[in-house]
Amino acid sequence: MAEVRIELRSITEADLSVLYEIYASTRAEEMALVPEWSEAHKAAFLLQQFNAQHQYYQEHYQGAVFQLIQYDGKPIGRFYIHWNFAPNEIRIMDIALLPAFRGKGIGTGILQEIFKKASEKKQSVTIHVEYNNPALRLYQRLGFQKIGEFNSVYYLMEWK
């Protein structure tokens, strides 16, 4: 059996369309709650939200690493991380996979690599997670603990 090949590479401007696709896939359940919106309206809304988030991350997370997750050279997700967010803190800004690649251990594998590096440097790992995000269970299973709340929408979680 061939080994699964997961690679991370820096994003480029040429990746914006696939990054949008990944972002939009994470909001599909939410968009299903507004059946009165046309598909074009949903797409326009999601594109505006993606562009705002992308610009915010670029402006407010100076020094962060923005990566595309690839499986055998094909983009399947995104991984944004700030290795020096605060003294002794690594901040995972975002990790998202296309639906066909969720639940296969890919995200867990990436996070476990982060934990190894954090342990070596005696750093904690933090992430904001929406209250209703299905990945919340994964983060809890991997040892993240809730340490705060943000905007009544997100938990701030920490792994030590």
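**View 1. The elements that cover the buried residues of helix H3 in this predicted model.** The cover over the buried residues of H3 includes H1, H2, strand E2 (65-71), strand E3 (74-86) and E4. The buried residues themselves are Lys42, Leu46, Phe50, His54 and Tyr57.

**View 2. The length of helix H3.** With 22 residues at 1.5 Å a residue, H3 should span 32 Å, and this agrees with the model because its end C-alpha atoms lie 31 Å apart.

**View 3. Helix H4 and the residue that comes after the helix.** The 15 residues of H4 reach 22 Å from the first C-alpha to the last, which is close to the 21 Å expected at 1.5 Å a residue. Buried in this helix are Ile106, Gly107, Thr108, Ile110, Leu111, Ile114, Phe115 and Ala118. Lysine 122 follows H4 and has a positive phi, near 55°.

**View 4. The largest pocket and its lining.** The largest pocket holds about 1600 Å³ of space. It is lined by 45 residues, of which Thr26, Asp94, Ile95, Glu130 and Asn133 are the closest to the centre of the pocket. Among the elements that give two or more residues to this lining are helix H1 (16-25), helix H3 (39-60), helix H4 (106-120) and strand E5 (124-130), while E4 gives the most, with seven residues. Sorted by class, the lining has 23 nonpolar residues, together with 11 polar and 11 charged ones.

How values were computed
Residues numbered from 1 in each chain as written. Predicted model: local features only at pLDDT ≥ 70, side-chain atom pairs only at ≥ 80, totals over all residues. Heavy atoms only, no water. 1 Å grid on protein atoms, 1.4 Å probe; cavity = no way out; pocket = protein on both sides within 12 Å on 5 of 7 lines; lining within 4 Å. Points joined across faces, edges and corners; volume = space filled by probe spheres on them. Helix = DSSP H or I, 4+ residues; strand = E, 2+ residues; numbered from the N terminus. Nonpolar A, V, L, I, M, F, W, Y, C, P; charged D, E, K, R; others polar. Expected span 1.5 Å × (residues − 1). Buried < 20%, exposed > 50% of the residue type's maximum accessible area, 1.4 Å probe, protein only. Contact = heavy atoms within 4.5 Å.
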